[in-house]
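Thanks for coming. Please look at the sequence and the model on the screen, and then I will go through a few parts of it.

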Amino acid sequence: MLYNIDFDIAATILSVVIVFYMLEKKGLKTVTNRIFLLVMITNIITALSDILSSVENSYHLPDRIWLQDLWNYVYLVFHNIMPLLFLFYTLYLLGIGKTMRKRTFFLISIPLMIDLILLALNPFFREIFYYDENGLYTHGTVFIVFWIIAIGYMIAVMVLIICYKRNLTRSKYYPLLFFLVMQVGSLLFQISFPYILVEIFTQTIGFMGVLYSIENRDDIINHSTGVLNRYAFLEAATPAFHRKRRSFIIIKLSNLSYYNMTVGVEQTNAFLREIAAWLEKLDPRMLCYDCTGGHFVLLGEGVGKDEMKDLCGQILDRFENRWGKGSVHMLFPVQVCFGRFMEDVESLEDLMLVIDSPYDESFGERVKISKIVETNKRRLLLESLITEALQNGGFRVFYQPIWERKSNRFHSAEALIRLTNGEYGFISPEEFIPVAEKSGQIDKIGEFVFEQVCRFYKTKQLDKYGVDYIEVNLSTVQCMNTELTKTFRQILRKYDLPSKRINLEITESAAAKNRMELKKNVESLREMGFTFSLDDYGTGYSNYSYMFEMPFGIIKLDKSILWNALDPKGGTGDRNCGILLSNTIHMMKDMKYTVLVEGVETVEQKMLLEDLGCDYLQGFFFSKPVPEEVFLEYVKVVNS
Ligand code: C2E
Ligand code: MG
Ligand code: MG
C-alpha cells in the first residue's frame, strides 16, 4: 500500500518557511509568539516523521522494522502533542494562561500523558498500531482513544474561544475559528481517506492564517522606534483587564514637535529609537510599547509597586543625561507615572486616557496616576455637562456693567457665560472654557453667547437706557474659525442689529498665538464694523508689535495689576505695582487707547483709577455679573 506523501512534503516546506520567517523577524517577544514557534517546530517534526513513517509503512522491509517502528512512534508522539500545544497557545492568546496555576496546566496535560503511556505500552500489547499478516500498518482497537483526546482538546479550544470572545479582537477571533474549521475538516477527511496524508497540510494552511493575522509582527511593531506599537498594547491589555493585576509604567516625553522642528524628523526618530531600546531592556518582566507621540508604556506582571517606583527612579536618572550618538545630543524632559490595573485605573478607557493625556509641565516629573485620572475624569465630565447644557439650555449669559468716568454712567457691559448644573452646581467659565476650547465645543458656546447678546440688546432696546454696546469674549479657538464671520453676520441680520453694538474682547494669550489666521479673521470682523478690546492685558507676555497691528480700541488691564497696586482687602499695595499701574494707564492713553480696568472692588480703587484718568471701570464695586432682568433694572435706575 503506497501512501501519498505530497501534501506532507508541502506542509514541511511551508512550516520551515514560517519558522525561518519568525526567527528572521525576531518576532518572539511574547509568550504566544514563543508557543507558536514551538507549535510550528512540532508541526515540522510531525510532517517529517509522517513522511518517513509512510515510506517505511509503504514498503515494510523486514530488516528495517525497528526504523518503521521508530518513525511511527515519533509521528504519533508529536501528532498527539500538537492539540495540547495549541490549547496552551489559545490560553495565552486569551490572556488566561499567564494567571493559570501549575496544577491546572498539569491537569489539562493528563489526557496527553494517557496518550503517551498507551504509546509506551504498545510494543507489549499492540493495541494502538500493529503490522498485519501482509505487513500493513494498521490501527489497533485502542487507537480511537487518540482521536477522542485530540477531538477533546479541539473542543476545549473552541469552547474557550467562544466563551472568552470578548478577550479577542476580530483580527484574532476569526483566524482562530478559521483554523479550527480547517482542523475539523481535515480530521474528517483523514478518517475517510487514510492514505492521502492531507491532515498536516491543512493544519499548516490554518497556521499560516494564524501567522498572517495574529503572529504577524509587522502590524504590532512601531517601525520608527522598533518596539511594540499602540495596537499591540491594546491587544495585550484588553484580555482579562478586570481580572489581572498587571503593572504598568507610563513614560511621557514633552511635545515632540519641538524636536521635529529643531533637529528634524529623522534625528528625532533616532532619539526615540535609542530611548525605546533603553526602556525595552530596563526590566525583562516588562514589555515596552510605543503608544505614539512620545508616550511609552512598560507593561508586565509580577512587578511590585516598590519595584516600579525604583524603575521610575532609574528612568528619571537616565533622562537627566543627554540622548544621542555622534555629534547630536539632547535632553528630553520626561514625566513618569506607574500603577496597576484595577487598583489605579478601573478600565482600559481610563488607562488610555492617562496614556494619551499630554505631557503637562505643571504635574512635575513624577506624577501620581490618581491625579491624571482625576483631571481626565473632570475634563470628560465637563465635556458632557457642556454638551448637555448646549442641548437643554443650561447656559445663561450674565452681564456686568462697565462704568464710564467721563459721563458717570454705565455705558456698556461685559457678557459672561454661566453654567449651573443641578447636580454639580456652579461651574466657573475659567474651568470649562479651556475644556471647550480643546474639545471644539467653544464654537457652539460662542455662537450661543453672541446670539443671546444680540437678542437681549435688540428686544430690550438697551441703547435707550444708555448702553452703547456689549462686550463679548472671543476665545483663541473661535478666532481661528473661518466660519466665524459668516455666523456673526447671520445672527446680526436675524436680529437686525448694527455691528457697532458689539465689542469683541480678545485675550492677550489668544492674541499671541496663530497671528496670521487671527489677523485675517479679525480684519474681516473689523470690516463688518465690530470694535475690539485687548482683554487681560498684563497677564501673559506683552507683545507690543502685535498690539499695534491689531485694531484694538480698548485695552483692558487685568485685575491683578490693580490689586497689586491697591489691595482690595484694605492693604496698601506694592509701591512699584502702583507705579506700574499709573504708568501703564498713561502710556496707553498716550498711545491713544481707551483704558479699562477690571476688578474694581473698593471705593479707594475707584478713586485711584479716576485720579489716574482711567476711562472705563468694571468690577464688583459697581455690580457683579447679573442676569438680564437684574441688569436691565440696574441700568434703568442708575443711568436715568
Ligand atoms: P474675563 O473676560 O477677564 O472676565 C472678567 C472676569 O473677572 C469675570 O469672571 C468676572 O466675573 C470677573 N470680575 C469682574 N470684576 C471683578 C471683581 O471686581 N472682582 C473679582 N474677583 N472678579 C471680577 P468670570 O465670569 O468667572 O469669567 C472668567 C473668564 O472666563 C473671563 O475672563 C473670560 O476669559 C472667560 N469667559 C467668560 N465668559 C465667556 C464667554 O462667553 N466666552 C468666552 N470665550 N470666554 C468667556
Ligand atoms: Mg473679558
Ligand atoms: Mg479680563
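Is Asp-536 buried, partly exposed or exposed? With a relative accessibility of 22%, Asp-536 counts as partly exposed. Here buried means under 20% relative accessible area, exposed means over 50%, and partly exposed is in between, using a 1.4 Å probe and protein chains only.

A word on the source. This is a predicted model, where local features need pLDDT of at least 70 and side-chain atom pairs count only at pLDDT 80 or more, while totals for chains, interfaces and linings use all residues. Residues are numbered from 1 along each chain as its sequence is written, chains are lettered from A and ligands numbered from 1 in the order in which they are written, and side-chain values use heavy atoms, leaving out hydrogens and water.

Now the metals. Donors are N, O and S atoms within 2.8 Å of the metal (3.2 Å for Na, K and Ca), and since water is not among the atoms, sites may look incomplete. Asp-536 sits in strand β13 (residues 531-537), and Glu-598 is 62 residues away in the loop between β15 and α23. Strands (E, at least two residues) and helices (H or I, at least four) are DSSP runs, numbered from the N terminus. Glu-598 is buried, at 7% relative accessible area.

The magnesium ion (ligand 2) is coordinated by Glu-414, Asn-473, Glu-505 and Asp-535, at 1.9 to 2.2 Å. Of these, Asn-473 in strand β11 and Glu-505 in strand β12 are 32 residues apart. Asn-473 is partly exposed at 29%, whereas Glu-505 is buried at 1%. Which residue coordinates both ions? That is Asp-535, and the two ions are 3.9 Å apart.

Next, the helices. Helix α3 (residues 65-93) has 29 residues and reaches 42 Å from its first C-alpha to its last, close to the 42 Å expected. The expected span is 1.5 Å times one less than the number of residues. Helix α3 bends by about 25 degrees at Met-82, with Pro-83 following within four residues. The bend is the angle between axes fitted to the seven residues ending there and the seven starting there. Just after α3, Gly-95 has a positive phi of about 80 degrees.

Last, helix α4 (residues 102-125) contains Ile-117, which is exposed at 52%.
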